[in-house]
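Here is a friendly note to read alongside the model. Take the points in order, and find each residue in the viewer as you go.

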Amino acid sequence: MKTITEQKPFEEISEALSGVEKVYVVGCGTCATMCHTGGKSEVLDMKEKLEAAGKKVTGWMVVPTACDELTRDALEENAKDVEEADGILAMTCAFGVQTIILYTNKPVYPSLNTLFVGKEDTPGHFIEVCMQCGNCILAKTAGICPLVRCAKSLLNGPCGGSVDGKCEISPDVPCAWQMIYDRLAALGQLDKLEEIVPIRDWSTSSAGGPRQVTISG
Amino acid sequence: MKAGTNLEKVLVSGMFAVTAEAGPPKGTSAAVMQRKAELLRHCCDATNVTDNQTAIVRMSSLAGCVLLKQQGVDPVMQIVCRDRNRIAIQSDVLGAIALGIGNILCLSGDHQMFGNHPTAKNVFDIDSIQLIQALKAMRDEKKFICGDDISGEVPLFIGAAANPYADPFEFRVTRLAKKVKAGADFIQTQAVYDVAKFAKWMEMVTDQGLDKQTHILAGVIPIRSAGMARYMRDYVSGVSVPDEVVTRMEQAKDAKEEGAGVAIELIEQLKEIPGIHGVHIMAVGWEDIVPEIVKQAGLLPRPVL
């Protein structure tokens, strides 16, 4: 499981950094490195681009895992260069950005779009398989989540747009319900599809402010 | 009678029903709907008003239904699950009933990427089968989804769609059975061109006795041109247009006449399929042709019940 990111267009980053003359750049050695969006080489490319755009890069680092508390120590160790900057460009996912802001008074600007929590299904290809809805239904759907893999999040089987195993939105998108159907057929559990899945409780999902959990004991 | 609409009366009487479709305008003109009502009033038993079909913003189905109703047409309000959550949908249902609309067709809805607002956020709080179930509970138990009581009567004749041409083929009968179990009083199918495949599906449907538990209307889309035939064959998901129909349209001297002819022949064939209770003609902007098709198919005059 990784947080999948993509680079924002440089124009958008430039616009966010307008008025920020001196920039400190932070990359991440985990997910963003793996996605080729915030590893050492991307950070060095960004440094070059920023300098070409007339900015001064006061320093850079690739922290091991930007969302980890060790990021605080890394910022402290590099305090001199960080302090000299007007702002920090975070080449990390949004978890990283929101970790960095805890440990600095400098404005922090995201360089990446955080796309989804993804699974690498074939080398170099990542797919979203879980939307973290808080109310798992995989027992009924042969371990394949229709909420995230069906373009309409349908719960009672494929819509009329499922053709040859593909979703109506694109030939590159497999129909989640065809996948579920095939797997249930192989498991001898097609009868599960005859039940009407009732209306969901979405309150466990992201419709009610930040979800929080306290581990007790 | 569940709602006592004209559509329900015709279907319950056992007569072969004819429904049509009137797409609302991409604008504010009531006259557009009134003109469609004029065209369709005498040649069909009820008329569907689409709900932002293909995810293109149009006048609301509710408003379109009211405009048809004022012209003496029995409207079928379509509701898609794409744009509204359970709160908005139930609210619209109450309003529709208050305005005299009794037929509601429940649909998932075309994905927003096909429409003119592809950057919109979709809703899909509930799906089409859950919507059928919710409407049934509103009618039979007078309860909202949350369990609260509804004040007043809730007369509804509940419809759903079925597409025998989508995959997995074997599941299509199961899906229909789910819709019937959820409470679908009538079914309007995707457009039929491949009659053999449709007949095979209907055989599976009748084997399960589903045609006795709901009223099935077969969908017909008259084709205006060879280009439209090709487009529907190649680009419309879940529609199956055999090459012979495309060839026929390409070779026709008068494409419109040919297209109407194809539709009439299809209706003649569909009438003979056991378990079919009517046809649903979706003219998609070519409503002018509907009276002629219905007449040539021997389905006029429509019953007055």
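**Notes on a two-chain model**

1. Let us begin with one residue: Q130(B) is buried, with a relative accessible area of 1%. Here "buried" means under 20% relative accessible area, "exposed" means over 50%, and "partly exposed" is what lies in between (1.4 Å probe, protein chains only). Q130(B) belongs to helix α5 of chain B, residues 128-140. Helices (H or I, at least four residues) and strands (E, at least two) are DSSP runs, numbered from the N terminus.

2. Before going on, please keep in mind that this is a predicted model, in which local features need pLDDT of at least 70 and side-chain atom pairs count only at pLDDT 80 or more, while totals for chains, interfaces and linings use all residues. Residues are numbered from 1 along each chain as its sequence is written, chains are lettered from A and ligands numbered from 1 in the order in which they are written, and side-chain values use heavy atoms, with hydrogens and water left out.

3. Which residues does Q130(B) touch, not counting those up to four places away in sequence? From chain A they are L155(A), N156(A), V197(A), P198(A), I199(A) and R200(A), and from chain B there is D125(B). Contact means heavy atoms within 4.5 Å.

4. Now step back to the whole interface. Here 27 residues of chain A are in contact with 31 residues of chain B. The two chains bury about 2,500 Å² between them, and 56% of that is on carbon and sulfur atoms. In chain A, the residues that lose the most area to chain B are K152(A), I196(A) and I199(A), together 26% of what that side buries. Buried area is the accessible area (1.4 Å probe) that two parts lose on being put together, summed over both.

5. How many salt bridges does the rule find across the interface of chain A and chain B? It finds zero. A salt bridge is a side-chain nitrogen of Lys or Arg within 4 Å of a carboxyl oxygen of Asp or Glu.

6. Over all chains, a search of the whole structure finds 27 salt bridges. One of them joins K2(B) and D185(B), with the closest N and O atoms 2.7 Å apart. K2(B) lies in the segment before α1 (6-13) of chain B and D185(B) in the loop between α6 (169-182) and β6 (186-191), so this pair ties together parts that are 183 residues apart in sequence. K2(B) is partly exposed at 41% relative accessibility, whereas D185(B) is buried at 7%.

7. Another salt bridge pairs E287(B) with K36(B), the closest N and O atoms being 3.2 Å apart. This pair links distant parts of the chain, 251 residues apart: E287(B) is in the loop between β8 (276-281) and α12 (290-296) of chain B, and K36(B) is in helix α2 (residues 30-40).

8. Return to helix α5 of chain B, where K136(B) and D140(B) sit four residues apart, about one turn of the helix. They form a salt bridge with the closest N and O atoms 3.2 Å apart. Salt bridges that share partners join K2(B), K136(B), R139(B), D140(B) and D185(B) into one network.

9. Look next at strand β2 (residues 22-28) of chain A, where six of the seven residues are buried. Seven bridges join β2(A) to strand β3 (residues 56-63) in parallel, and five join β2(A) to strand β4 (residues 87-91), also in parallel. Two strands pair if DSSP finds at least two bridges between them.

10. Finally, some backbone details. The peptide bond from D167(B) to P168(B) is cis, with omega near -15°, and P168(B) lies in the loop between β5 and α6 of chain B. Another cis peptide bond joins L300(B) and P301(B), with omega about -5°.
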